Structure formats: C-alpha cells, structure tokens
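The following questions and answers concern the structure shown below.

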Amino acid sequence: MAKSDPIRDEGRPQVLVLQGGGALGSYQAGVFETLHEEGLEPSWVAGISIGAINAAIIAGNEPEQRLPRLREFWELVSSELLGVAPADDGPPRRWFNELSAAIVAITGTPGFFRPRNPLLAGFDAVFDTVSLYDTSQLRETLERLVDFDLLNDGLVKLSVGAVNVLTGNFTWFDSDRDRIGPDHIMASGALPPGFPPVVIDGVPYWDGGLVSNTPLQYVLDTGQRCDMTIYQIDLFHARGAMPGDLSEVLQREKDIRYSSRTRMTTDTVQKLEEFRLAAARLAERLPPEFRKDPDVRLLTEIDQPGAISVMHLINRRDGHESYSKDYEFSRATVNEHWRTGRDDAAHSLAHPMWQRRDMHRSGLVAFDLTNPNGARMRDAAGMEIEGH
C-alpha cells in the first residue's frame, strides 16, 4: 500500500478517539495497523471501555511494540473460538456468530472475563455478588501487555472515562494529571451487570459508556486550541433500518444507545465555532467604546481554534451481526473486524477529499469517507459536501 501523505501531517498532534464496543474493538486495532504503517503515530489516545484497553496498549508500549501487543491481546481473547465460519454472510454465518456469542456468555473469554460460579461459593453468593463475571484475568493481561511506567511517563497522553457509581457523574482519568494503572482501564470497561465496579481511591466506578460512549467531546473541550488531526473510531453506527424482528430491535436499540450521538457532537462544535467567528466579526465593526462592554468581551474572549480535521471511521453493521455482536469473540469475527478497520482506514487516507483537505482552515472539518451513500465532508459553517 502506498503511503498516503504523512509528511503534510508532521508537527500536528495525531489523536485517536476510541469508542466502547466489546468484541467490536478489533476494528480499532485494524485502523491502528494502517495508521502505524503510514507512520501516523498518536500523541494522544482517548478511550472508553474496550477503547480504553486498546488505548492503554498503544500508549503503554514503544511504537514498534504497539501493533504486536494489540495483536497478542485480540488473539488471546479469541483463542477459545477458533472454528472456521461456514460462510461469509447469510443465515449460516449468523448462526455461527450466535453460537459463538452464546459460548462466550456461558464460559467467558480467556485473558478477559470468566463467569462466577455461585454454586461453588454457596447459595448465599447469588445474593451477595454484584456482577455475573469475574475480571481478574483482565488485570493480569493488562499488567503483561502494558508498560504502565512508560504509559505515565512517555510521550503519548492517555485519557479514559468512567462513571462514578455513587453520583452517576462522568470522570476522566488523564495521564497528564493522574497516575494511570490497571484499575483505571478496568473501571472504564466495567459494564454492569456483567462486570463488577472497580474501586479507585475509595470510589466505585462503572463503564463510561453508561453516560457517553465516545471521548470526542472531552478531546475537543480539553485539547489545546491548535492544529490537530483526530481519528474518531466508532464501533456502533447511529443510522439503521427499521427492525424486522425482536433480535433486530435489540441490536438497533444497542446501536442507538452506544453510538452516543457523535454526529451531534461534531455538529454542535462546528455551530459554536460559526457563532464565535460571527461574534468576532461583529465586534470588529463596533465603535471602540462598545468593544469593552462585558457582554462583547465574553463573546469574543475564546481564542481562535486551530485547523482540526476529524476522520470519522465507523464500524458499520454487517448483515450477519445481531445484538450479541459486542460479546462475539470468535477468531473469525475478530479477524474480520480487524480487516475491515484496516481497509476503511486505508481507503480514507487515500481518498481525494482527505488528501486535498485544507490543512490551515480554522475550525473543525469532519470527514466520513467510507459512507456507503457517498463520502461526506462537513465544515465549520455546517456545509456538507459530497464526494466519490
């Protein structure tokens, strides 16, 4: 594969924004493989749930070890479901996926989670436990695959989100101000009732996806107002057809809930930037004495943002997937998601709309270049441009 154009991005922070989505997370690993091969190493990785695990592996390893460690993780969690899929699509493949997910629900998956057995602990344990699965194996996996000293002291910033169980408030753990350890990564992915809460400094935390399943807003709110490139890698697609059966209803509900309105986030940021620029232009036309008015100063005090390019990569639904897709850890499906992520990233990086983007255009410009209805670009004025 030819290099797309990494030279033009030199000096611009490269930011990975990784949504939660369980077994679908191998799609993010595939995207990273392409970025890595292009020499586009991140300076900041922000993740939720499985995105936090992928993010920790990336931030907690030297560049040459990131891809092998990601591969090691995804091969580990899929190592008990090595059967060959009977077909690439259609009912046989759907039944293969459903069977694989059912096995995971019963037995768990290696290096990640295992079911609790209340019969071994006594009947009272049924009423004492707060989760269906035990995640102690995940701690061991993280400690083996992630160099947490490098993660905290290295050049790649890490941000992971979790929810305070007691207050319901969202919390971000950020390596710029927090000493990140395995607990912070596990807290971000502690989805109830499957996984137990993780206690950090006396506070219990659950999966950040309960409140927001994407770190995009955090990156835009806290990032320096400078030029940067954001790769927003989503595992659920907000758009979909009318469900035709109960299984499709459950999947559609999950897609809507965990897609977290990422399109709305970018649209809101773009609209606010349009208002800010309009206020600045208006202030310039006011007499000097009115420019000192507190309201005018409030409207114009925000620094002008840099040029922010957002490449939106979405793991769009396959016809054979169902509501169990986020815990279907078969090797066949893991590898399929990985390949799709790799191919989507390669296609987007080589797309003319990305190659010819204005690198110095102030404000946020979002690109969805794998859209089956045609590539899209949305600028800071809300204008949408189609391309093929």
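Q: Which element gives the largest share of the lining of the largest pocket?

A: The model is a predicted one, and its largest pocket holds about 700 Å³ of space. The elements that give two or more residues to the lining of this pocket are α2, α9 and α11. The largest share, five residues, comes from α11.

Q: How do the residues of the lining of the largest pocket divide into nonpolar, polar and charged?

A: The lining is made of 34 residues, and those nearest the centre of the pocket include L191, F195 and D326. For this count, Tyr and Pro are taken as nonpolar and Gly as polar. On that basis the lining of the largest pocket divides into 21 nonpolar, eight polar and five charged residues.

Q: Is L250 buried, partly exposed or exposed?

A: L250 is placed in helix α11, which covers residues 246-259. Together with L246 and V249, L250 makes a nonpolar surface patch of about 270 Å². The relative accessible area of L250 is 37%, and values between 20% and 50% define the middle class. L250 is therefore partly exposed.

Q: What distance separates the C-alpha atoms of G363 and L277?

A: G363 belongs to strand β11, residues 363-368. With a relative accessibility of 2%, G363 counts as buried. G363 and L277 are 86 residues apart along the chain, and their C-alpha atoms are separated by 9.5 Å.

Q: Which two residues does a cis peptide bond join, with omega about 0°?

A: Most peptide bonds are trans. An omega of about 0° marks a cis bond here. The residues joined by the cis bond are P192 and P193.

Q: Is S49 buried or exposed?

A: Most residues other than glycine have a negative phi. S49 has a positive phi, near 60°, and is found in the loop between β2 (44-47) and α2 (50-59). Because its relative accessible area is 11%, and the cut-off is under 20%, S49 is buried.

Q: What is the relative accessible area of D201?

A: D201 is not a glycine, yet its phi is positive, at about 50°. The residue is placed in the loop between β7 and β8 (203-207). D201 is exposed, and its relative accessible area is 76%.

Q: How many residues apart in sequence are the parts that D149 and R179 tie together?

A: Side chains of opposite charge can pair when their charged atoms come close. The salt bridge of D149 with R179 has its closest N and O atoms 3.4 Å apart. D149 lies in helix α8 (residues 148-153) and R179 in the loop between β6 (170-174) and α9, so the pair ties together parts whose separation in sequence is 30 residues.

Q: Is R316, the partner of D368 in a salt bridge, buried or exposed?

A: The closest N and O atoms of D368 and R316 are 2.7 Å apart. D368 lies in strand β11 and R316 in the loop between β10 (307-314) and α15 (331-350), so the pair ties together parts that are 52 residues apart in sequence. D368, at 9% relative accessibility, counts as buried. At 16%, R316 likewise counts as buried.

Q: Which residue is linked with R342 and D343 in a network of salt bridges?

A: The whole structure has 14 salt bridges, and one of them joins the side chains of D343 and R342, at 3.8 Å from N to O. D343 counts as partly exposed, with 45% relative accessibility, and R342 is partly exposed at 26%. The residue linked with R342 and D343 in the network is E33.

Terms used:
Residues numbered from 1 in each chain as written. Predicted model: local features only at pLDDT ≥ 70, side-chain atom pairs only at ≥ 80, totals over all residues. Heavy atoms only, no water. Patch = residues over 30% accessible without salt bridge, like charges linked within 9 Å, V, L, I, M, F, W, Y side chains within 5 Å. Areas by Shrake-Rupley, 256 points an atom, 1.4 Å probe, with all protein chains shown as cover. Salt bridge = Lys/Arg side-chain N within 4 Å of Asp/Glu carboxyl O. Helix = DSSP H or I, 4+ residues; strand = E, 2+ residues; numbered from the N terminus. Buried < 20%, exposed > 50% of the residue type's maximum accessible area, 1.4 Å probe, protein only. 1 Å grid on protein atoms, 1.4 Å probe; cavity = no way out; pocket = protein on both sides within 12 Å on 5 of 7 lines; lining within 4 Å. Points joined across faces, edges and corners; volume = space filled by probe spheres on them.
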